[in-house]
Amino acid sequence: PAKVSAPMTSVVVVEGLAALLKCHIRGDRPIDVVWRKNSIVLEQSPRIVLQTVLDANSSVLSAELRFQHSERSDSGLYVCTGSNHFGRDEDRISFEVK
């Protein structure tokens with residue numbers, strides 16, 4: 001199954017600065033990644049960049065959610081879900097913009 005390794009739990013950033021949330025997932029390919037905020041699926045936008053990078057040496061998939069500039073309304077609970085044909089796992093990250 002897909003399995004989250006090295007989970008992040010909390011990120012705090014000053015309003016207006018860039019911020020990066022990361023989720024590391026191990027498992028058989030293909031792995032699908034979905035980011036949610038307060039149960040709503042996030043889509044890429046001019047302010048939010050979603051990216052996945054495979055580390056060929058460790059076969060860990062890094063899923064990244066990058067805010068170009070954070071806003072207070074971005075604060076909330078973010079969930080990164082990794083899934084494949086054998087199962088799924090998730091990482092919950094509390095994100096606070098001050």
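Residues 1-94 have their end C-alpha atoms 25 Å apart, and the span is 0% helix and 60% strand. Helices (H or I, at least four residues) and strands (E, at least two) are DSSP runs, numbered from the N terminus. UniProt, in an unreviewed entry, places the feature "domain: Ig-like" at residues 1-94; its positions are given in the numbering used here, feature names are shortened, and annotations may be inferred rather than shown by experiment.

This is a predicted model, with local features needing pLDDT of at least 70 and side-chain atom pairs pLDDT 80 or more, while totals for chains, interfaces and linings use all residues. Residues are numbered from 1 along each chain as its sequence is written, and side-chain values use heavy atoms, without hydrogens and water.

Now the sheet. It is open, with four strands in the order S1-S3-S7-S6 and antiparallel pairing; two strands pair if DSSP finds at least two bridges between them. Strand S1 (3-5) and strand S6 (48-55) are at the edges with a single partner strand each, so one side of each has no neighbour in the sheet. Inside the order, S3 (residues 19-26) and S7 (residues 60-67) are joined by seven bridges. Lys22 stands opposite Glu64 in S7.

Lys22 also touches Asp91 (contact means heavy atoms within 4.5 Å). Asp91 sits in strand S9 (residues 87-97). Not counting residues up to four places away in sequence, Asp91 also touches others, among them Val4, Cys23 and Cys80.

What is the nearest side chain of opposite charge to Asp91? Arg92, 7.9 Å away. Lys and Arg count as positive, Asp and Glu as negative; His and the chain ends are not counted.

Methods. Buried < 20%, exposed > 50% of the residue type's maximum accessible area, 1.4 Å probe, protein only. Salt bridge = Lys/Arg side-chain N within 4 Å of Asp/Glu carboxyl O.
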